[in-house]
Amino acid sequence: MARKTVLIDTSLCTGCKACSVACKEWNELSAEKTQLLTSYQTQNAFTTKTWTYMTFVEKYEDQKMNWFMRKAQCFHCADPACMKACSSNAITKTESGYVVIDQEKCIGCGYCVENCPFGVPKVDQVKKKSYKCTGCIDRVENNLLPACVNTCQPGALSFGERDAMLTQAKKRLAEVQKTHPKAQLYGEKEMGGTTYLYLLLDSPEVYDLPVNPTVPLSLTLWKDVIRPVGTVAVGGAAAAVVLGVFANLFRGNYSNSDNKEGGKD
Amino acid sequence: MSPSFGRGAMTNSWSDLKNAEVFLIAGSNCAENHPIAMKWINRAKENGAKIIVVDPRFTRTASKADIFAQIRPGTDIAYLGAIINYIIEQKLYDQKYVLNYTNALLKVSTDYKLEAGLFSGYDAKTRKYGTASWGYQLGPDKKPLKAESIEDPDSVFSKLKAHYSRYTFDTAEKISGIPAEKIKEIADVFCKGKPASILYALGMTQHTTGVQGIRAYAIIQLLLGNIGKAGGGINALRGEPNVQGSTDMANLVSNLPGYLPHPINTDKTLRDYLVRNGSFFEKHIVAQLKAWFGENATKDNDYGFSYLPKTNPAVNATMVKLFEMMNKEQFKILFNVGSNSLVSIPDRQLVRSALTKLDMLVVSDLFEIETAQFWREPGVNPADIKTEVIMFPAAFVYEKAGSMSNSSRWIQWKDAALEPLGESLPDLDMLDHLFKKIRKLYAGSTDVKDAPILKARWDYGEHTSALKVLQELSGYDETTGKLLPTIGDYLKAPIGTASTGCWIYAGVTGNGNLAARRNNADPSGLGLFKDWSFAWPGNVRILYNRASCDELGQPVDAKRKLIWWDAAARVWAGNDGGDLVDKTKGPDTPEGKLSFRMNPEGVGRLFAATYMSGLPAEAPADGLPAIGIRPAGICVDGPLPEFYEPTESPTTNILHPEVSISPCALVVSTKIGKSDQFPHVLTTYGVVEHFCAGGITRNIPWLNEIMPEPFAEISKNLAAKIKVVEGDMVEVSSARGKITVRALVTDRLQSYKVNGKDTETIGMPWSWGFASLSPGPSTNEITIAALDPGAGTPEYKVCLVDIRRAN
Amino acid sequence: MDVSRRGFFKLSGLTIAALAAGLGFDPAVAEAKGYALKLEGTKKIPSICHFCSGGCGMLLYVKEGKLIHLEGDPDHPTNEGTLCPKAASLLSVANSPDRVTKPRRRAPGADKWEDISWEEALDIVAKKTKEVRDASWKAADQIVNAKTGLPESLTVNRVEGIAFLGSAEVDNEESYLIKKFCQLIGTPYNEHQARI
Amino acid sequence: MALKMETRNQMPKRIVEDKVLRFSAGERLSHWVHAISFFVLLFTGLGVLSTSFQPAMAIFGGIQVAQLIHRIAAIFFVVVVGLMFFVGNPRYHWRWLKFVFSFKKSDWQHVCAFPKEFFGGHGNYPEQEKYNGGEKINSLITIFGTIFITLSGVVMWFASSFPPALVRWAYPVHDLSMFIMTAAAIGHIYLGLLHPDSRAAMSGMINGYVSTKFARAHHREWYERLKKEQSMNEQKNV
């Protein structure tokens with residue numbers, strides 16, 4: 001299956017949160033206790049049972065009100081930090097662009113949690129499993145739209161082949177920039193190009209999104225430097241020991257009874 | 001809308017919204033309350049349509065708007081009046097449309113006048129108008145006189161012009177708080193877009209001047225020629241899933257199914273009824289009586305007209321008034337099926353008190369709603385409440401077969417998909433069983449009062465069949481006992497030979513169940529979907545679509561062709577069903593000209609005149625009163641919309657301070673607040689995450705998660721004044737009560753000036769109550785019960801409150 | 001290629017149908033055999049949403065009498081498969097542990113409900129209806145004729161003591177029967193929330 | 001504090017017949033608790049190091065049990081050893097620290113000769129005190145490795161209480177510490193168990209005593225100092 005993309009056109013989003021309900025319904029996730037936080041927002045972080053939620057940002061400038069709504073969920077990065085961090089090879093990337101956690105393999109180590117630049121995966125401390133948006137891979141791979149896209153009434157979510165979605169996104173962007181000059185795409189290049197692509201009405205900071213999300217340096221250092229070098233170092237030590245034993249054997253040091261008490265006066 | 005166009009329904013359809021070039025969304029927060037509308041509005045927006053939102057708050061709908069104006073709640077008529085004035089002054093109206101399809105040229109009675117905020121005919125004692133002076137100047141043929149031109153000082157158009165000349169942009173600004181240049185911008189953008197659509201819902205109706213606000217919309221749309229056209233219209237977004245249907249079925253004290261007027265005490269005979277209401281209704285009421293009493297309804301017994309109860313027109317028994325009567329111990333039993341009055345009725349102390357006066361309350365619902373357990377509301381001692389309560393477990397929508405009519409008037413059938421949960425049963429079964437039990441109790445009675453029960457036709461099968469009920473609505477040929485194939489067959493049948501429970505649904509199951517049709521083809525691309533389910537009347541998808549054509553019967557808008565006169569075939573053809581009396585009557589015949597055939601004048605009514613069509617020139621020889629054809633729908637509070645302040649207002653009416661509020665408003669609440677004590681304006685509304693009184697949605701954990709509690713939205717100015725930050729709890733109080741909720745401090749509400757005075761609007765959703773999985777205070781604890789005199793709709797949208805930080 | 005929503009669904013419908021009939025073997029599904037669809041073996045039944053007046057179409061996926069999943073009906077011209085949050089949550093009403101599933105009675109002055117049978121409940125209500133109807137029957141209104149100024153008795157055949165609140169949330173057939181029921185027992189006091 | 005304790009406590013007799021007391025009971029306890037818990041930690045941690053080790057986690061009863069054991073062992077690894085600096089007879093621990101952090105020229109010379117020694121050759125280096133340069137390096141690795149692996153471990157354990165950036169850095173730190181300590185441990189074991197010349201030191205960690213012969217050969221400076229101190233004490237007592 002070729003690379004897919006979900007376009008989230010925030011200029012059309014009405015913040016109705018149907019996406020989050022549809023997500024919970026399809027994925028059989030129970031509701032959590034919430035309260036109003038700010039604006040009409042009741043959730044501000046992913047949990048093991050909340051894989052997508054709506055954020056609201058109010059911006060009043062020059063007597064003009066802007067109310068930005070954004071559906072938050074896993075971006076499904078082309079270059080996923082979680083996958084790189086995973087200790088158990090439980091996270092894989094499908095050909096269609098989905099980053100999926102294999103619950104069989106996941107051991108809940110939580111490395112994905114901290115390394116995701118967007119704070120997406122969360123570990124259930126009882127089940128010891130990491131959870132996040134699956135992109136409704138079960139639906140997509142069976143030719144159904146993702147639950148959130150399927151339910152979106154104002155048409156803010158659309159799904160299709162990446163090229164087509166990018167073309168659509170750019171067309172909409174040109175239109176939207178007439179009224180919102182700071183509008184931009186987010187996810188076209190970020191993290192290698194994310195499967196969930198945003199058309200934002202303002203800069204990413206306004207939406208509390210990282211401006212230049214990257215695979216953390218610590219993760220690269222860890223997985224690409226320390227791991228191989230460390231493995232080599234430990235292997236080297238072991239090899240040195242083996243070599244040492246042989247060297248001593250060769251030199252006949254073990255047969256020297258004087259050495260039994262460690263002396264050589 | 002009915003006094004303007006002849007019918008009270010949404011003129012167009014959901015999918016038609018995509019055809020609009022410009023929207024005025026005022027009095028509707030459709031992104032919250034009709035989310036599906038946003039699908040089609042956004043589609044239009046993607047095609048370049050402009051969206052104007054006028055609302056007391058910057059709503060989720062407003063977030064998608066090109067122009068947003070914050071209005072003081074309850075002042076719509078002020079700015080709409082200014083727009084009407086501007087349209088007339090700048091000659092922005094559609095000249096041809098106004099001349100051909102409205103009553104602009106008809107001459108108004110010389111007795112009509114408006115003085116100091118009162119129309120002619122006012123009786124201060126009854127607070128009601130006598131409407132005789134609002135009529136036309138009639139010719140000897142009893143038909144209205146037509147002026148030569150709209151300049152004629154007696155013409156409707158001249159009256160309109162004079163009336164609104166007082167509504168300048170500056171006056172409108174002072175009243176509504178919308179800057180004058182913003183109103184002008186709205187007027188310019190709206191008038192430029194053709195077709196232009198107006199969307200409203202309860203934000204417009206829930207005022208003491210609700211009906212008149214909608215009249216103002218109708219006047220604008222008639223002037224601009226937007227009615228009857230794809231992408232135009234006035235789209236009344238109805239609240240509930242089947243509010244169209246339940247209104248069609250007349251669960252209202254004033255009507256019988258199919259918008260037949262309810263008989264009143266002076267209607268001693270069917271003939272009296274027709275004298276009052278016109279011969280148009282004869283066929284329909286007889287068909288209904290045949291449906292209800294079958295062979296017991298004969299010409300000889302006046303088709304059983306005497307079996308029907310007659311109301312006393314002096315008694316207003318609309319919803320809120322009903323509770324007032326209940327509180328005075330008139331009713332011993334209240335049946336309450338599928339509503340939650342203890343949360344939804346304004347000034348809810350009245351409901352709380354009224355329910356205790358009952359001997360028995362019978363509730364049928366899915367969940368244990370607040371109304372069902374009013375006897376154990378916190379603070380109430382159950383031992384003091386002697387009302388017996390019986391609760392029936394109701395089946396949910398997909399657990400029962402039946403049809404619902406959506407806002408687009410589509411009658412949509414669904415089969416039962418699931419067995420009812422536990423012992424629950426559809427309300428249909430409950431009613432069927434109950435009626436049969438009652439009939440058994442009366443078996444053998446010869447008392448005249450028991451005749452309607454014993455003589456009724458009531459047979460919906462052993463297991464109550466919804467289809468059999470729908471067939472009764474669809475209608476039978478009473479001579480053969482067979483279903484009438486189409487509404488045409490019903491209309492052709494001689495009086496007394498056909499039956500239908502609701503004539504506008506005639507034919508719906510005549511040729512198979514048309515309500516169950518699932519062909520979603522849309523060859524015109526206009527979103528008409530003619531073969532999907534069935535739309536009343538006669539499968540017309542866009543009402544008054546005759547007005548989309550010119551005098552020759554050809555579409556005015558080549559891109560959006562609805563119907564046209566096919567001169568060769570001598571028939572009205574088209575993409576939509578023609579909203580015409582007779583499809584074979586061409587534009588050269590009187591019938592073929594009627595664009596608003598349900599109005600006695602056959603045209604749209606800029607001025608809601610008193611009029612009965614078809615009265616004979618000479619009085620009948622037999623000395624009995626003459627029977628006309630059809631009376632005009634009137635507005636009890638005036639033929640033209642006039643601005644009145646809300647019942648509780650922070651200011652006085654600058655147009656006529658001596659008549660500040662509506663002179664006809666029905667004020668039920670006994671405690672009325674003044675602005676010195678309650679300086680802020682409260683407006684109430686729903687949110688997308690919950691539905692109405694929340695009886696269902698507050699029992700759905702997923703919805704409680706995304707909207708867990710009620711709140712009060714306040715401006716940053718007000719927050720600073722009362723030293724509150726977002727998330728604090730605040731106490732909001734009115735003359736009637738107080739509640740404590742969380743504060744949302746926002747820029748979406750701004751302070752504004754009214755008649756020079758700084759004013760604040762506070763916004764609160766109302767969907768909470770003391771029961772359910774997510775209980776919360778009911779906002780209707782503090783709202784005012786003041787009703788529109790015509791519709792009986794309460795003024796939920798405006799009352800005066802004070803607010804302070806809760807300790 | 002962007003697959004239009006409806007096209008997409010028709011395609012998927014075919015796929016599922018083919019699978020269900022055991023006729024086809026879809027390579028996409030084979031490739032994704034780890035992602036079995038939970039809808040297999042369910043019956044797809046169209047219905048109409050119960051919230052606002054949009055009248056959106058819903059598809060119910062039912063397995064062994066239990067609602068497994070619910071989503072928008074892609075063939076419905078109004079909503080084309082989409083649903084608002086309220087509609088999307090309707091699965092939980094079918095399976096809600098908080099539903100009232102038995103008739104119940106609260107005796108005057110009692111502080112709790114007792115479960116009763118349908119038969120009992122209907123009997124109680126029918127008897128009370130008759131009692132109130134008989135007691136509050138009004139044969140005629142006494143008015144003063146506006147034209148003649150004389151008192152007049154007008155037959156009205158009306159029950160004064162029974163009110164019936166119907167609903168905009170029940171089906172047409174139910175609304176109709178409510179009205180017919182009211183008129184037959186003689187009460188015009190039938191209202192509902194369309195008024196408010 | 002350590003000095004105070006030392007003056008307060010009676011010095012045991014260090015040289016007894018042909019044996020020299022090298023490690024106190026407390027030191028030996030610390031060492032073995034640290035050593036055993038290190039290996040428990042290492043093996044229970046392998047499951048998250050690489051999936052190839054995951055099947056092996058069945059030994060512990062599955063990876064979740066392994067992770068639990070990892071945390072329990074971590075407490076021993078840190079708390080028991082840490083406590084030994086304060087309870088019982090802690091002066092040896094403090095002296096050890098003092099030794100380890102006084103890295104002298106002679107220690108460098110030992111380190112330079114170490115590779116040759118490692119492979120059974122004989123390097124040229126001056127007499128050593130109680131700990132030779134190599135042992136000091138090993139101790140330093142242990143000390144700093146423990147500190148870093150502990151701090152990073154705490155951050156990882158209670159990840160939700162720390163800023164994500166810090167947690168992100170804890171992973172490589174934990175891994176790096178582990179690799180270095182493991183490499184050092186391998187060498188350490190070799191020297192203690194397999195190296196013909198130095199394995200005699202093993203007895204010091206078992207019963208506390210090394211042969212005087214070993215002491216003289218490997219830690220002559222220390223041995224001579226002890227001898228001198230002991231004879232001075234004897235004179236005093238007499």
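This is a predicted model: local features need pLDDT of at least 70, side-chain atom pairs count only at pLDDT 80 or more; totals for chains, interfaces and linings use all residues.
Residues are numbered from 1 along each chain as its sequence is written, and chains are lettered from A and ligands numbered from 1 in the order in which they are written.

Chain D is a handy place to start. It holds ten helices and three strands, where helices (H or I, at least four residues) and strands (E, at least two) are DSSP runs numbered from the N terminus. Along the sequence, the order is α-β-β-α-α-α-α-α-α-α-β-α-α. Of its 238 residues, 37% come out as buried, a label for residues with 20 or more other C-beta atoms within 10 Å of their own, the C-beta atoms being placed from the backbone. Among contacts in chain D with a separation of 6 or more, 64% link residues 24 or more positions apart; a contact here is a pair of residues whose C-beta atoms, placed from the backbone, lie within 7 Å.

Within chain D, helix 2 (residues 25-49) and helix 3 (residues 63-83) have axes that come within 8 Å and cross at roughly 155°. Those axes are lines fitted to C-alpha atoms over the stretch in contact, with angles from 0 to 180 degrees between N-to-C directions. The crossing angle makes helix 2 of chain D roughly antiparallel to helix 3 of chain D, a term for angles over 145 degrees. On the helix 2 side, the contact includes D:V33, D:F38 and D:L41, and on the helix 3 side it includes D:I69, D:F76 and D:V80. Sorted by class, this contact has 13 nonpolar, eight polar and no charged residues. In that sorting, Ala, Val, Leu, Ile, Met, Phe, Trp, Tyr, Cys and Pro are nonpolar, Asp, Glu, Lys and Arg are charged, and the others, Gly among them, are polar.

Moving on to the chain interfaces, 29 residues of chain B are in contact with 25 residues of chain A. Helix 3 (35-46), helix 22 (701-706) and strand 29 (737-746) of chain B each give two or more residues to the chain B side, and helix 3 of chain B gives the most, with six. That side splits into 14 nonpolar, four polar and eleven charged residues. The contact between chains B and C takes 134 residues from chain B and 101 from chain C. Helix 17 (residues 427-441) of chain B gives the most to the chain B side, with nine residues, and by class this side has 72 nonpolar, 40 polar and 22 charged residues.

As for nonpolar cores (buried Ala, Val, Leu, Ile, Met, Phe, Trp, Tyr and Cys residues joined through C-beta atoms within 7 Å), the largest has 411 residues, with B:I52, B:I83 and B:V732 touching the most other members. Helix 7 (residues 164-194) of chain D gives the most to this core, with 13 residues.

Lastly, helix 14 (residues 319-327) of chain B has buried residues including B:M319, B:K321 and B:F323. Their cover includes helix 16 (349-356) of chain B and strand 8 (162-165) of chain C. Just after helix 14 of chain B, B:E329 takes a positive phi of about 65°.

Note on methods: Two residues are in contact if their C-beta atoms, placed from the backbone, lie within 7 Å. Angles under 35 degrees count as roughly parallel, over 145 as roughly antiparallel, 65 to 115 as roughly perpendicular and the rest as oblique. A residue is buried if 20 or more other C-beta atoms lie within 10 Å of its own, exposed if 12 or fewer, and partly exposed in between; C-beta atoms are placed from the backbone.
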